[in-house]
Amino acid sequence: MPLATTRRAGLVDQVIEQLRDAVTQGEWPIGERIPTEPELAGQLGVGRNTVREAVRALAHTGLLEVRQGDGTYVRATSEVSGAIRRLCGSELREVLQVRRILEVEGARLAAASRTEEEVVELRSLLERRNAELREGHWEDFARLDAEFHFAVVQSGHNTLLTEMYRGLTEVITASVAATSNVTPGHEYLPEIGHEGLAEAIADGDADRAASEACGFLDELLARVEHDES
């Protein structure tokens, strides 16, 4: 895919999008060194500082890796897989511990405060999540699983908790993928279902909803701690 000359408005965002497309569409395979900063600036018709900012942003998401004195290399084909590469061991355990703190109380609040429309949305997200899993669409599964958990928290109608959880979206999606091994070439782990959580919230049973949320996160933590030992 040839890179297009950018428009003048929002240059950094445009360059980020074009570089991301070059990676996700296979123009630059994993492990390949991308064109140099001056070459990209010339191809895109922008300054080197703009290219540098775009590359730095994509390195932060895990798509690219900047090697000082050697160049910039493609590290992953999507933000999810890039985040998974950064999320492992003790860091993954800490993410799951924070998720447990937020999601257990989020589930309790959701059971007490959810609307009928939110119950319908939770069930819809769960069905779509399970469908993507059956089809082997790993990244869509991870994204929808994270959306389901966010919808649970959102159904509790606690604005501060919702915004705290929203700020963790990327790392939560990565933790879903990492703990499910939902990436090609990995052995698939037995699925942890969320039907019990959704039904507890629908029934308005706060204690059961909290227990369901705590139970599956405890199981994920046990898996991670076993892998570390």
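For what follows I call a residue exposed when its relative accessible area is over 50%, buried when under 20%, and partly exposed in between. The model I am reading is a predicted one.

Entry, helix 8. I looked up which residues of helix 8 are buried, and I noted Leu161, Thr162 and Tyr165. Viewed down the axis of helix 8, these buried residues fall within an arc of 100°, so they line one face of the helix. This recalls the general rule that an α-helix has 3.6 residues a turn, so residues three or four places apart point the same way. On the other side of helix 8, I found that Thr159 and Leu160 are exposed. I also checked the start of helix 8, where a side-chain oxygen of asparagine 158 comes to within 3.2 Å of the backbone nitrogen of leucine 160.

I then turned to histidine 157, which sits in the loop between helix 7 (138-154) and helix 8 (159-166). Phi of histidine 157 is near 60°, and I marked this as a positive value in a residue other than glycine.

Entry, helix 9. Is serine 175 buried or exposed? I located serine 175 in helix 9 (residues 169-180), and I listed serine 175 as buried because its relative accessible area is 0%. A polar atom of the side chain of serine 175 lies 2.7 Å from the backbone oxygen of isoleucine 172.

Notes:
Residues numbered from 1 in each chain as written. Predicted model: local features only at pLDDT ≥ 70, side-chain atom pairs only at ≥ 80, totals over all residues. Heavy atoms only, no water. Helix = DSSP H or I, 4+ residues; strand = E, 2+ residues; numbered from the N terminus. Buried < 20%, exposed > 50% of the residue type's maximum accessible area, 1.4 Å probe, protein only. Arc of directions from axis to C-beta. Polar contact = N/O pair within 3.5 Å; in protein donor to acceptor, adjacent residues only side chain to side chain.
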